[in-house]
Amino acid sequence: MLGSNVWRGMIGVDRATVIEEIDFDEESDSVVIHVRPRRSTKRRCGRCGVLAPGYDQGSGRRRWRALDLGVLVCHLESDSPRVQCPTHGITVAQVPWARHDAGHTRDFDDLAAYRKFIDEAVSRRNRRNGPRIDVERAALRPLPDRRTCDFEEVIVTVTSSSSFTLKKVFYTVPSRLIGHRLRVRLYDDRLELFLGGTHLNTLRRGRSGANGAHGHVVDYRHVIHSLRRKPMALLRLVYRDQLFPREAYGRTFERLLEAGSEKTACRQMVELLAMAHERACEAELAEALAVGLAEAQLPDMDALRRRFAPRLTALPEVVVALTPLSAYDVLLTGDAA
Ligand SMILES: [Zn+2]
């Protein structure tokens, strides 16, 4: 039998949750883990987290969907007593394994896991209705040509720092879009950007933090031009950690800050990022930086500049064979010349 700590790890809860019993429910075809909050956890309001006196046992036992255990579906089951909150009145008490009003554990806050859960639930239900749907399908009209509208359309203006903020998430876009008004189609997982009727770009959709903190979806290539003008801005960027495209860049910046002045560190780091973008050598440069980090050496800027300099001699010689204009006469006269 596995210990409680192993089980806690597998279902993604911490020590505030006590596992009482584990069994298998034939009816729902799932592993059911009976849990309760640790005795020392005081009852709190599920909505605001304030300590509150108990009220009653609520609706009795309740289940929360947890992440799968391999191929097995898993639920947590527990009492769901209610408390009397001074602000919110009678509410279900807080539990350590799930958010208030959620039918799933905190792990499901991970979007990917949540989507998988929805897909499974829908397909299970559809499977049950399969024969009936088949009967109806014969009498259905064909689907419309276009899919239904599953996005929200918003207009944003790109700021002078080639960015915009939408639903508490900060996005960067190519600097040529500064000052333009873009139409944004906001999907569940992505943003499609349009200028007039022209599709420009697709961005991954970001999410703001649970505590109301802004999210950031940033690309260093979008802001490198403004950073070049003001390298010191790098020091104060709130999204700096997301800016570095690979780990080696972030660590190099830390090393540069430790070793010298902030000014030099920012200037060199911006030059490295610009090099990665303009010479299209992001991965190669990251490797070079990683070697330097491993040897506890600061980047040798001159050597890197030489190594990643544009190769003028490598320009190909292009020979353009011009067609004599008289050849076009054939098109007008129809005569072969
Ligand atoms: Zn409350």
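**Strands, a helix and the domains**

Author: β3 and strand β6 (residues 82–85) are paired antiparallel, over 2 bridges. Helices (H or I, at least four residues) and strands (E, at least two) are DSSP runs, numbered from the N terminus. Two strands pair if DSSP finds at least two bridges between them.

Reader: What kind of model is this, and how are residues numbered?

Author: This is a predicted model: local features need pLDDT of at least 70, side-chain atom pairs count only at pLDDT 80 or more, and totals for chains, interfaces and linings use all residues. Residues are numbered from 1 along each chain as its sequence is written.

Reader: Back to β6. What stands opposite Arg 82?

Author: Asp 56 stands opposite Arg 82.

Reader: Is Arg 82 buried or exposed?

Author: Arg 82 counts as buried because it has 20 C-beta neighbours inside 10 Å. The cut-offs are 20 or more other C-beta atoms within 10 Å for buried, 12 or fewer for exposed, and partly exposed in between, with C-beta atoms placed from the backbone.

Reader: Which residues does Arg 82 contact, leaving aside neighbours within four places in sequence?

Author: Tyr 55, Asp 56, Gly 58, Ile 90, Thr 91, Val 92 and Ala 93. Contact means that the C-beta atoms, placed from the backbone, lie within 7 Å. Gly 54 is 28 residues from Arg 82 in sequence, with 6.2 Å between their C-alpha atoms.

Reader: Which sheet holds β3 and β6?

Author: An open sheet of 3 strands in the order β3-β6-β7, with antiparallel pairing. Its edge strands, each pairing on one side only, are β3 (54–56) and β7 (89–92). From one strand to the next the twist averages 45°. Axes for such angles are lines fitted to C-alpha atoms, for helices over the stretch in contact, and angles run from 0 to 180 degrees between N-to-C directions.

Reader: What about the sheet with β8 in it?

Author: That open sheet has 4 strands, ordered β8-β11-β12-β13, and the pairing is antiparallel. β8 (152–157) and β13 (198–204) are the edge strands, each pairing on one side only. The twist here averages 30° from one strand to the next.

Reader: How many bridges join β8 to β11?

Author: 6, in the antiparallel sense, with β11 covering residues 181–186. Val 154 has Val 184 in β11 as its bridge partner. Strand β12 (residues 190–195) is joined to β13 by 6 bridges, also antiparallel, and Glu 192 has Thr 202 in β13 as its partner.

Reader: Which of its residues are buried?

Author: In α8 they are Leu 285, Ala 288 and Leu 289. Seen down the axis of α8, the buried residues fall within an arc of 95°, so they line one face of the helix. The arc is that of the directions from the helix axis to the C-beta atoms.

Reader: What covers them, and what is on the other side?

Author: The cover for the buried residues of α8 includes α6 (247–259), α7 (262–278) and α9 (301–307). On the other side of α8, Ala 283, Glu 287, Val 291 and Ala 294 are exposed.

Reader: How is the chain divided?

Author: Into domain 1 (4–114), domain 2 (152–217) and domain 3 (220–314), with bounds from an automatic or database domain assignment. The C-alpha centres of domain 1 and domain 2 are 36 Å apart.

Technical notes:
Two residues are in contact if their C-beta atoms, placed from the backbone, lie within 7 Å.
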